[in-house]
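Dear colleague,

Here is the structure for you to look over. My notes on its salt bridges follow below.

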Amino acid sequence: MKPLLQKPRFGLAWTSIWAAVIGGLLLAVGLMNWPNPTIVVFGSVFLLIGILIWQESRAGLWVGVFAFGAMTVLHTVRMVGDFHWRYLIYCIAFAQLCYECFQGLRQLDDAEMFNQPLNRSMQLNSPNAGDRAKDSSASGAAGDEADGDRPMISLVLLQRKQKYLEDFIVTKLVEASWGGDYSSTSDAEGNEGESEEADDEGTPTGDGFVVGESPLFVIKSPAGMYLVHNMDTEYWEDKAEVVDAIGELRLRKAVEDHHAWLAVDMLTPDEERPDMQEAYWKVAQLLVALADEDTLAVVRPESMDIHVWSDEVAEQLLTPGAYKELAQFDDAPVIPIADDDPAMQAAVATARERWPEFVAAFEQREGSPSPDEDSGFVVKARITAGDSTEYIWVDVIGLEPRYVHGNLANDPVDLGDLKLGSQVEFPIEDVWDWCYFDDGQPVGLFSLEAIRQSQEGVEESGE
């Protein structure tokens, strides 16, 4: 039995409330005009129906169908014999309640049908699923080998906040991603049949259907069964520990800022091993369609590969076979380095000492790049926005005696509205490194060795 204060699923809350209200009113009238046992009995039955529907009881829904159906027939007969507007209103109201109980039964059947695969998916989509899969595979002698070998096909989006989703929204996204007709769904709003096509025997002819509500939707398609999780909670219970273990600043901030997550799972029967390339490709298609401005990162639970979300990552995910290369996606790293790091201080001093070389080469370049073009001349500069300061590469488009003008060549971690391509200007004193190409060979990049040493230190501390 579910908690009493928890709303019922499938849009049954108002059905339950109206049944209880009608029952309570009839019961009160019957008791005030005692003896009137007929009204008391009807009131008690309707009140009980409302309570049972609130608890998502199948028995309550069946009793509701028959009781409200009987009241609809009764008032229809009375209306035919002696028409009165109140009989028509009663007839419409009880018919609606009967219909909603019937729809609740159908959706309850769907939920019970998918209960077993849903439980398995929730286990697979746990952040510790990768470890459990390894443990299960290693303990095959204990009788769990088949379950450990079963592929886990899932991708997760880390979100700033929970995405607003309803079944019809998921349906439109599925149709846009995979094509076909998935509108053959029973919803609690009474829209069934408006878009559902059926053959002569009454069997739906669509490609599949979508059922459920946040936080869980079920998709039936010709390729198999899929689940969409839309959770209003952090993906890791120990998020602080995960954040501390990430050395790359951009990825660390994405994980730290997420407070919700979305996932698409493909459920595979025990006896089947799907084509992994095709399976991940379909999952990725829907996942990319679900992504929005609140998407921060993508996670592959099977291997726990995590990447900051970007248009480039979305494009790579839509490439068949990309799931094998997810661990090798090229995210430009942002490595923390202390201001008093000796190697970095020496690199900055060298860059500033040789700054006239960069200026001379820039002035002798062929042609002048437009503000939207890469000049081939870049500097690493200290950029500040609000209380946040980052050292980031800038594509130079103009030099003044005391200032540098350019476009950000990387996505910043936390510089307010600044992003890749944003135009900035800063004093020459804020230049920390520079680079240009001479006969195909890079000149500059004095900070690379300091960054390499710092990155090795981060990796060793993480081990």
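Salt bridges

At 14% relative accessibility, Asp430 counts as buried (buried is under 20% relative accessible area, exposed over 50%, partly exposed in between, with a 1.4 Å probe and protein chains only). Arg382 and Asp430 form a salt bridge, with the closest N and O atoms 2.7 Å apart (the term means a side-chain nitrogen of Lys or Arg within 4 Å of a carboxyl oxygen of Asp or Glu). Arg382 lies in strand S8 (residues 378-385) and Asp430 in the loop between S11 and strand S12 (431-438), so the pair ties together parts 48 residues apart in sequence. Helices (H or I, at least four residues) and strands (E, at least two) are DSSP runs, numbered from the N terminus. Arg382 is partly exposed, at a relative accessible area of 30%.

This is a predicted model, in which local features need pLDDT of at least 70 and side-chain atom pairs count only at pLDDT 80 or more, while totals for chains, interfaces and linings use all residues. Residues are numbered from 1 along each chain as its sequence is written, and side-chain values use heavy atoms, with hydrogens and water left out.

The structure holds 6 salt bridges. One of them joins Asp292 to Lys163, with 3.0 Å between the closest N and O atoms. Asp292 lies in the loop between helix H11 (276-290) and strand S6 (295-300), and Lys163 in the loop between strand S1 (153-159) and helix H8 (167-178), so this pair ties together parts 129 residues apart in sequence. Both Asp292 and Lys163 are buried.

Regards
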